[in-house]
Amino acid sequence: MNNRLRVLRAERGWSQAELAEKLEVSRQSVNAIETGKYDPSLPLAFKIAKLFGNRIEEIFEESV
Amino acid sequence: MFCADRTAAFKRYQRRVQVAMAVYFVVILGAAWVVKHLAVVGWRLYFWSVLPAVPIMVVIVAMGRYLQEESDEYQRLMMMRSILVGTAALLGTIVVSDFVRAFAEVDPFPPFASFIVFAVAMAIAQAVQKLRDRSVGDE
């Protein structure tokens, strides 16, 4: 799955550690999601979407 | 897991494992001394034989508690992968040992080899995952 997490984070000027703190996960988790090594669960995806004020499908999209 | 990224659940897990291993070294030395010097027999011999396994069981339980307590789903996944790799190495070792014993009629692998194989394989799996995570996209 592709995602725009890195772009959205950069727009807000947050570091991975800062985003991790806001999401209450580890920095490794943020890094793994950004680099596409890990697809978050639905609850975490909702949390990410809520934090950035977007819908899930605006952040995550299916790989083609 | 590198120090800065340790979650609260992982710190608790590490503390439990460290305590259990400290107890293990005291118990294993004590049990070895008792069995060698006091010539215990019967149920006492069984007691001293089983006693060193208790802290090892505590380590296994600590792994289960960590998986229960870890709220970070990615960290939990990495621990589960590590345990899976350790378990695969453990089962592989046991199977090879059994076949070698059955067909070649040689002694099985030495005592404690299986748990060491499990622990080493798990540690390698954890290290590989950490290195892989650090290699891409670190900020």
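Read along the sequence, chain A runs in the order β-α-α-α-α-α-β, and its secondary structure amounts to 5 helices and 2 strands, where helices (H or I, at least four residues) and strands (E, at least two) are DSSP runs numbered from the N terminus. This is a predicted model, in which local features need pLDDT of at least 70 and side-chain atom pairs count only at pLDDT 80 or more, while totals for chains, interfaces and linings use all residues. Residues are numbered from 1 along each chain as its sequence is written, and chains are lettered from A and ligands numbered from 1 in the order in which they are written.

**Chain A**

The C-alpha trace of chain A spans about 30 × 25 × 20 Å along its principal axes. With 64 residues, a compact globule would have a radius of gyration near 11 Å, and the 11 Å of chain A agrees with this; the radius is taken over C-alpha atoms, and the globule rule is 2.2 Å times the number of residues to the power 0.38. Buried residues make up 28% of the 64 residues in chain A, a residue being buried if 20 or more other C-beta atoms lie within 10 Å of its own, exposed if 12 or fewer, and partly exposed in between, with C-beta atoms placed from the backbone. Among contacts in chain A between residues at least 6 apart in sequence, 52% join residues at least 24 apart, where two residues are in contact if their C-beta atoms, placed from the backbone, lie within 7 Å.

**Where chain A meets chain B**

The contact between the chains draws 14 residues from chain A and 11 residues from chain B. On the side of chain A that touches chain B, helix α3 (residues 27-34) of chain A gives the most, with 6 residues. The residues of that side divide into 4 nonpolar, 8 polar and 2 charged; Ala, Val, Leu, Ile, Met, Phe, Trp, Tyr, Cys and Pro count as nonpolar, Asp, Glu, Lys and Arg as charged, and the others, Gly among them, as polar.

**Helix pairs**

The table sets out one helix pair from each chain; axes are lines fitted to C-alpha atoms, for helices over the stretch in contact, and angles run from 0 to 180 degrees between N-to-C directions.

| Helix pair | Axes come within | Crossing angle |
|---|---|---|
| α2(A) (residues 16-23) and α3(A) | 8 Å | roughly 105° |
| α3(B) (residues 53-69) and α4(B) (residues 73-103) | 9 Å | roughly 150° |

The angle in chain B makes α3(B) and α4(B) roughly antiparallel to each other, since angles under 35 degrees count as roughly parallel, over 145 as roughly antiparallel, 65 to 115 as roughly perpendicular and the rest as oblique. Their contact is made by B:Met63, B:Tyr66 and B:Leu67 of α3(B) together with B:Arg76, B:Met79, B:Met80 and B:Ile83 of α4(B), and these residues divide into 6 nonpolar, no polar and 1 charged.

B:Val19 is found in helix α1 (residues 8-37) of chain B and counts as partly exposed, because it has 14 C-beta neighbours inside 10 Å. The C-alpha atoms of B:Val19 and B:Val59, which are 40 residues apart along the chain, are separated by 9.3 Å.

Most residues other than glycine have a negative phi. B:Ala39, however, has a positive phi near 45°; B:Ala39 is placed in the loop between α1 and α2 (42-50) of chain B and is exposed, with 9 other C-beta atoms within 10 Å. B:Glu105 likewise has a positive phi, of about 50°, although it is not a glycine. B:Glu105 lies in the loop between α4 and α5 (113-135) of chain B, and B:Glu105 is exposed, with 7 other C-beta atoms within 10 Å.
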